[in-house]
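Here are my notes on this one, as promised. Have the model open while you read, and click on each residue as it comes up.

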Amino acid sequence: MTRSITLLFSASCLAGAAHAEVFVNELLASTASSDCEFIELHNTGSKEIDLQGWSIELWDSDADKAFGTHDADSPIRLRGRIDAGGYFLLANSIFSEHHTIEPDQRFKDNGIENSSFTLVLKDDLGEIVETIFVTDGGEGDKPNINGRIIRPDAEIRNTEGRYIPPGFARMPDDAEGQRVYRLLKFSPVPSPDATPGRPNAVPTPANTETPKP
């Protein structure tokens, strides 16, 4: 099965004010055969942050009867700390079979459903830090929280519009301060573009697309 690995864009909206220095840096939801899934957070701030009480919600965003319900392993209750300038890695058991790095926290296999979803990162006060809509471009698919339509901080979609993006990595913001993402490769396993636990690889200019206004 061929899947697009073209970089896809950004959306510039305001993230939650609390702990805005923490964001989803990389995510892989779908790979060849059994899914090697992980979610990576990055703390760009100057202080360590205790993640106790933080959570990651995954809301079904397909236009069907499951729309607005919790997806897969959601909500994922975080525990542990993220160093200043450091990374916090959540992953399933299949991830550990293919990578030499151990995650800071595990979630169940197939914890990220391979369909359109809205990821919501919340802090220990329940305040929204970041929202990301990941979609295969299906008609009627909408970013939402518990069925309430939202305007996400970023929208990631496969340029072919046929499959859910395998995963994404955040790149440096563009000159106008807009977010930039690129898609990770679906195959082989582990994805050769994925860099869990360390800075994301910056693609060559030929593989980079500047977000459109």
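1. Start with Glu 102 and Arg 106, which form a salt bridge with their closest N and O atoms 3.0 Å apart. Arg 106 has a relative accessible area of 43%, so it counts as partly exposed. Keep in mind that this is a predicted model.

2. Now look at Arg 179 and Glu 130, whose side chains meet in a salt bridge at 2.5 Å, N to O. Arg 179 sits in the loop between β14 and β15, while Glu 130 is in strand β10, so this pair links parts of the chain 49 residues apart. Are these two buried or exposed? Arg 179 is buried at 8% relative accessible area, and Glu 130 is buried too, at 1%. Through shared partners, salt bridges join Glu 130, Arg 170, Asp 173 and Arg 179 into one network.

3. A search of the whole structure turns up nine salt bridges. Another of interest is Glu 48 with Arg 81, at 3.1 Å between the closest N and O atoms. Glu 48 is in the loop between β2 and β3 and Arg 81 is in strand β6, so the pair ties together parts 33 residues apart in sequence. Glu 48 is partly exposed at 44%, and Arg 81 is partly exposed at 48%.

4. On to the nonpolar side of things. The largest nonpolar core has 30 residues, and Ile 39, Leu 41, Ile 56, Leu 78 and Ile 132 have the most contacts inside it. Strands that each supply at least two of its residues include β1, β2, β9 and β10. A second, separate core has 12 residues, among them Phe 95 and Val 180.

Conventions:
Residues are numbered from 1 along each chain as its sequence is written. This is a predicted model: local features need pLDDT of at least 70, side-chain atom pairs count only at pLDDT 80 or more; totals for chains, interfaces and linings use all residues. Side-chain values use heavy atoms; hydrogens and water are left out. A nonpolar core is a set of buried Ala, Val, Leu, Ile, Met, Phe, Trp, Tyr and Cys residues joined through side-chain atoms within 4.5 Å. Buried means under 20% relative accessible area, exposed over 50%, partly exposed in between (1.4 Å probe, protein chains only). Helices (H or I, at least four residues) and strands (E, at least two) are DSSP runs, numbered from the N terminus. A salt bridge is a side-chain nitrogen of Lys or Arg within 4 Å of a carboxyl oxygen of Asp or Glu.
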